[in-house]
Amino acid sequence: MLKDVAIIGGGQAGFQTANALRQFGYQGRISLIHEETKLPYQRPPLSKSYVLGKTEAESLAFRPAKFYSDQRIELVEVAAEGIDRINRRVLLSNGKTISYDHLVLATGAHNRALAVPGSQSAGVLSLRNLGDADEIRERLKTSRHAVVVGAGFIGLEFAAVAASLGLGVRVLEMADRVMSRALSREMSQFFAKEHDEWDVRIDFGQSLKAIESGPSGVTAAIRADGERIPADLIVYGVGVIPNTKLAEEAGLDIQNGIKVDSHLLTSDPAISAAGDCCSFVAPNGESIRLESVQNAIDQATAIAARLVGRAAPYDAVPWFWSDQGPIKLQIAGLSTGYDTAVAVGSDADKSFSAILFRNEQLVAVESVNRAGDFMAARKLLGRQTSLSPREAAKPDFDLRAYEQATR
Amino acid sequence: MKITVYDEVGEKVDLQDEPSKSLMQAIRDAGLNIAAQCGGEASCGTCHVYISEDWSSKVNPPSDTEEAMLDFVDERRENSRLSCQIALTDELDGLEVTLAPGSAF
């Protein structure tokens, strides 16, 4: 019988694993090993209300300290250094060990570094942790010109924040459109226009070559084509790398993250993985790694369910959101490989959705200020739907009504 | 301020909290089982509660986004609200709410 669960990582997935285990009635020991010496906390507000100073650190915690003592979840605020799979124990950096019957790896990911000369200058910052957000918040107080490297979600959320504070903002993006990894062309176009309206200038097909600095830190960003952009703050968001070191050193299979099967089990039956750190087998057989709050929560919950005896293949519908300025983007499903997009609503009214299909199958819906479409899409993607591009393209097509009518 | 929360099995819990949080945060911080997956950003619908009749008109009204999300929560009723969108104020001292099904994960 399961008596001892250890979790490495105190982010969304690590916290949720511990939380779900208790909610599902698991009574044994839970050790939540996390190296950040604060209560486990949520990240999304860091790039939005937190850097704006509208939210305080205390309100970011998933639960107050009392929760962990009430629920008998041991918070071990030390870094894990190694996994001894033979003896089933985690080796900590303080020399102690934590034994386990089952181990859950929720080690997350870390920001890819900016590998250009001058990237060590003060005022060149990335955003992942509370500490990063604090540095950015501080620097924003005296900055006038920000350069953002990477027009992904983090970069653009920050760009919107900086623009709203009156900074001049310039974004450097290597691709020919924004959020190119996750978004349809149609939605990228909408966001590029929005940012333009907020005076965020985006340079496409451009990359950073070097950073100039002076006594108070960064003074300019130098583009690959030589153009010099004055800047007193550079925020970069150029992707993350899954934290696989512990797993790799322990001999677990690694492939675009810690490799898990459709039940979120690694190559060791006593070890599972969840969240940003793991690549899993989706219901369609593809191996993917998702970087989202929903993925961390649902995977952690699925692992906890399996540990209390309710195993099932993991098939949660992915969803995601991003707040940029007054615009709320919500995405249900994954747009990868879409071949047809049907737009509904009005982008002039800032309320529209892109309904995305691949081989006539609904794969994702991206919605801007249309929460109803988003929620309807989540329901449709969670069941077999025969919604076709032709149906969606009919005038006055209403995704919400369609979902209700086809229940 | 005092808030009374009835959970999914009808158990009553009294919270004492400061009026600086959202209702969702007060419920969450009291250790009650509320999913609130998106952490309070009106993006998931899993902080769904029913506000007691006496209090419905006293809480801040829902935005368009919240209305749209509420259309899709399990068992929506007249007095359904997303608790992350309800700001606690001194006037709400004594507030009574019930956790809706589906707001426990």
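The legends below accompany several close-up views of a predicted model.

Residues are numbered from 1 along each chain as its sequence is written, while chains are lettered from A and ligands numbered from 1 in the order in which they are written. Because the model is predicted, local features need pLDDT of at least 70 and side-chain atom pairs count only at pLDDT 80 or more, whereas totals for chains, interfaces and linings use all residues; side-chain values use heavy atoms, with hydrogens and water left out.

**View 1. The fold of chain B.** Chain B holds three helices and five strands, where helices (H or I, at least four residues) and strands (E, at least two) are DSSP runs numbered from the N terminus. Read from the N terminus, the order of these elements is β-β-α-β-α-α-β-β. The radius of gyration of chain B, 12 Å, is close to the 13 Å that the globule rule gives for 105 residues, so chain B is as compact as a globular protein of that length; the radius is taken over C-alpha atoms, and the rule is 2.2 Å times the number of residues to the power 0.38. The C-alpha trace of chain B spans about 30 × 25 × 25 Å along its principal axes. Of the 105 residues of chain B, 52% count as buried, a term that stands for under 20% relative accessible area, with exposed meaning over 50% and partly exposed lying in between (1.4 Å probe, protein chains only). Among contacts in chain B (heavy atoms within 4.5 Å) between residues at least 6 apart in sequence, 67% join residues at least 24 apart.

**View 2. The interface of chain B and chain A.** Chain A contributes 33 residues to the contact and chain B contributes 20 residues. About 2200 Å² is buried between the two chains, and carbon and sulfur atoms give 51% of this area; buried area here is the accessible area (1.4 Å probe) that two parts lose on being put together, summed over both. One salt bridge is counted between chain B and chain A, the term requiring a side-chain nitrogen of Lys or Arg within 4 Å of a carboxyl oxygen of Asp or Glu. In this salt bridge the side chain of B:Asp71 meets that of A:Arg400, at 2.0 Å from N to O. On the side of chain B that touches chain A, helix H1 (23-29) and helix H3 (64-70) of chain B each supply at least two residues. That side of chain B divides into nine nonpolar, six polar and five charged residues, with Ala, Val, Leu, Ile, Met, Phe, Trp, Tyr, Cys and Pro counted as nonpolar, Asp, Glu, Lys and Arg as charged, and the others, Gly among them, as polar.

**View 3. The surroundings of B:Glu66.** B:Glu66 lies in helix H3 of chain B and counts as buried, because its relative accessibility is 1%. The side chain of B:Glu66 reaches the backbone nitrogen of B:Leu82 at 2.8 Å. Apart from neighbours within four places in sequence, B:Glu66 is in contact with B:Arg81, B:Leu82 and B:Gln85.

**View 4. A salt bridge within chain A.** The closest N and O atoms of A:Arg85 and A:Asp268 are 2.8 Å apart, and the two residues form a salt bridge. This pair links distant parts of the chain, 183 residues apart: A:Arg85 is in the loop between strand S4 (80-84) and strand S5 (89-92) of chain A, and A:Asp268 is in the loop between strand S18 (258-259) and strand S19 (271-273) of chain A. A:Arg85 is partly exposed, at a relative accessible area of 27%, whereas A:Asp268 is buried, at 8%.

**View 5. Two salt bridges within chain B.** B:Asp14 and B:Lys2 meet through their side chains at 3.9 Å, N to O, in a salt bridge. The two residues are twelve residues apart, B:Asp14 being in strand S2 (residues 12-16) and B:Lys2 in strand S1 (residues 2-6) of chain B. B:Asp14 is partly exposed at 41% relative accessibility, and B:Lys2 is partly exposed at 33%. A further salt bridge joins the side chains of B:Asp29 and B:Lys21 at 2.8 Å, N to O; here B:Asp29 is partly exposed, with a relative accessible area of 23%, while B:Lys21 is buried, with 18%.

Methods:
Polar contact = N/O pair within 3.5 Å; in protein donor to acceptor, adjacent residues only side chain to side chain.
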